[in-house]
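Subject: Structure for you to look at

Hello,

Here is the structure I promised to pass on. Please open it alongside this note. My findings follow below.

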Amino acid sequence: MNRLAARRAAHSRPATAFISRPEPRTIGSFARGRQLVAGNFLFAGHLVEAPDTPLWALDMPSPRFEAALHGFHWLDDLAAVGDRAARSRAQDWTWDWIDRFGRGKGPGWTPDLVGRRLIRWVNHAVFLLHGRKPAQSEAFFGALAAQTIFLGRRWKVASPGLARFEALAGLIYAGLSLSGLERHAEPAIAALSRECAQQIDAGGGLPTRNPEELLEVFTLLIWAARAILDSGRRIEPALEDAVLRIAPTLRALRHADGALARFHGGGRGMEGRLDHALAASGIRPEPHEGLAMGFARLAAGRTTVLLDAAPPPSGAASVNAHASTLAFEMTSGRRPLVVNCGPGASFGETWRRAGRATPSHSTLGIDGFSSSRLGVVGLGRGQRGEILHDLPTEVRVQLSTSREVMHVLAGHDGYVSTHGLTHVRQLTLARDGRSLEGDDTFGAVTETDRATFARRMTESQLAGVPYSIRFHLHPDADATVDMGGNAVSVSLMSGEIWVFRFDGPAELSLDPSVYLEPGRLKPRASRQIVLSGRVFDAACQINWTLAKAQDTPQAIRDTIRDDDEHLRDEES
């Protein structure tokens with residue numbers, strides 16, 4: 001149906017000009033732009049080196065790679081370079097796309113990709129049209145019109161969530177920018193307002209609980225709102241309210257280094273993107289109380305801690321969700337310390353599955369099990385996906401503060417059905433941000449739970465239930481086990497040293513780990529602190545601390561001071 005609608009749209013009457021001069025709002029990467037000019041194409045975890053091959057003649061290594069090309073995100077990167085060579089690449093590749101696919105044939109004609117592409121074409125129209133001949137300009141406007149008409153007919157088939165927001169934002173952009181297509185603007189604005197009311201909850205969150213996806217939606221809404229205002233229209237209350245709800249939630253999900261917490265398929269976000277979007281919204285920072293999209297935030301001094309304190313998304317919203325309940329991340333100033341492995345989709349299906357499992361997160365888990373399980377189900381319209389099931393049915397959380405500390409107490413029952421054990425985690429951050437105290441407890445709470453645990457003990461011939469508490473470290477952190485094997489020193493690139501210690505029936509080890517960072521060719525090697533042991537009784541508790549070393553040389557203090565000044569500049 002998408003291809004039929006695309007072909008019909010291609011034969012529609014074209015637009016002839018822009019109503020007003022488009023202003024670029026998207027942000028690209030200068031470094032990636034230079035790579036593209038040199039013929040190095042790094043998309044979806046694949047690197048294709050083809051300096052003499054046209055973009056659309058490349059051998060596509062994967063569908064994700066091909067979709068990334070058709071979304072035209074790379075146009076932002078070429079525009080960031082902005083020189084003659086970058087402009088030449090952008091123009092050649094754009095008009096080659098029009099020649100090959102502009103009549104509605106081939107891939108790239110899904111509503112989300114068309115919306116994404118329209119936004120880039122409109123944003124960078126001046127960059128693209130510079131020096132073009134009238135016939136080329138006519139072809140460009142014809143392709144813009146065809147894609148706009150396609151979206152007007154097909155945006156409803158986009159999946160609810162980010163894909164539909166992209167389709168509608170692209171339709172609004174085009175309808176408000178292109179002469180002769182204004183009729184598409186009002187229905188798209190009304191539809192976007194309905195999506196805001198349906199998809200963005202009262203706390204400013206999405207059903208997927210993906211922080212990076214929330215940033216993408218927020219950015220699209222900001223762009224759409226700006227385009228509506230520039231056209232002389234008033235913003236619909238539902239759209240305005242959605243922006244107002246999302247902004248404080250995103251601020252609460254921001255680490256001290258300006259990056260997002262990496263949960264449920266989301267990455268850190270492009271550097272500076274979060275702060276730029278928050279600044280563009282014009283919404284002043286306000287304290288956020290309680291959970292933010294299900295995440296608890298502790299922030300003091302130079303330290304931020306973000307804890308997943310809610311059940312994972314359910315149903316279709318869990319296609320990219322992770323079994324990360326009670327996992328946390330920790331950042332000191334501009335340096336990430338404790339992380340989750342992150343989203344592995346760009347490195348293939350095996351890494352995608354591995355990244356979703358509980359052992360890829362900084363939390364306690366039972367060896368060989370995840371707190372939520374994966375299963376393949378139908379998602380409608382002939383689509384199948386791998387969603388989470390057997391989710392924790394109850395996740396409780398309490399937040400408290402005092403003059404000395406910030407504290408969170410949380411627990412979940414994800415292992416009750418299999419082992420009769422409830423996981424309870426407490427985190428306490430000192431007000432100066434120099435120490436984080438934690439304790440993790442496994443306990444069989446009810447008589448039914450104790451009976452389930454007893455069956456597990458019998459099945460294991462009283463060998464106990466094996467568990468591991470993992471603390472994945474950022475690749476830039478250098479960790480060593482101290483003499484005696486009871487502590488780990490972690491050195492950050494700023495020169496700070498954090499010391500990890502523990503108390504309880506566990507063994508400490510420093511094991512290999514990986515950091516799954518989208519935009520790279522392969523996973524980065526890292527380390528993880530692991531506390532391992534076995535549960536023999538109906539309750540087992542492990543206490544641990546991460547504390548900053550007291551003696552810091554003057555040179556390191558100077559580096560930290562410079563980092564703090566940079567952070568204040570970014571936040572302002």
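pLDDT is the predictor's confidence in each residue, on a scale from 0 to 100. You will need it here, as this is a predicted model.

Confidence

The protein has an average pLDDT of 90. Of the residues, 91% score at least 70. Strand E4 (residues 303-308) has the highest confidence, at 98. Helix H17 (residues 554-571) has the lowest, with a mean of 50. Residues 378-382 also need a flag: pLDDT stays under 50 there. The model gives that stretch nine contacts beyond four places in sequence. Where pLDDT is low, the predicted coordinates should not be read in detail.

Helix H5

H5 covers residues 84-101. Its 18 residues should span 26 Å at 1.5 Å a residue, and its end C-alpha atoms are 25 Å apart, so the two values agree. Asp83 caps the N-terminal end of H5. One of its side-chain oxygens lies 3.3 Å from the backbone nitrogen of Ala85. Several residues of H5 are buried, among them Trp93, Trp95, Trp97 and Phe101. Asp96 is buried too.

Aromatic pairs and charges over rings

There are 23 aromatic pairs in the structure. One is Trp109 with Phe150: the ring centres are 5.3 Å apart and the planes meet at 80°, so this pair is edge-to-face. The pair links distant parts of the chain, 41 residues apart. Trp109 is in the loop between H5 and helix H6 (111-123). Phe150 belongs to helix H8 (residues 134-154).

Phe150 is at 0%, so it counts as buried. The cut-off for buried is under 20%.

Trp109 has a charged neighbour as well. Arg117 lies over the face of Trp109, at 5.8 Å from the ring centre. Elsewhere, the charged end of Arg209 sits over the ring of Phe295, 4.5 Å from its centre.

Helix H10

H10 (residues 185-199) has 15 residues. From first C-alpha to last it reaches 21 Å, close to the 21 Å expected at 1.5 Å a residue. Its buried residues include Ala188, Ile189, Leu192, Glu195 and Cys196. What do the buried residues of H10 pack against? They pack against helix H9 (162-177), helix H11 (211-230) and helix H12 (237-252).

Best wishes

Notes:
Residues numbered from 1 in each chain as written. Heavy atoms only, no water. Helix = DSSP H or I, 4+ residues; strand = E, 2+ residues; numbered from the N terminus. Expected span 1.5 Å × (residues − 1). Buried < 20%, exposed > 50% of the residue type's maximum accessible area, 1.4 Å probe, protein only. Polar contact = N/O pair within 3.5 Å; in protein donor to acceptor, adjacent residues only side chain to side chain. Phe/Tyr/Trp six-rings, centres within 6.5 Å; stacked < 30°, edge-to-face > 60°. Lys NZ or Arg CZ within 6 Å of the ring centre and 35° of its normal. Contact = heavy atoms within 4.5 Å.
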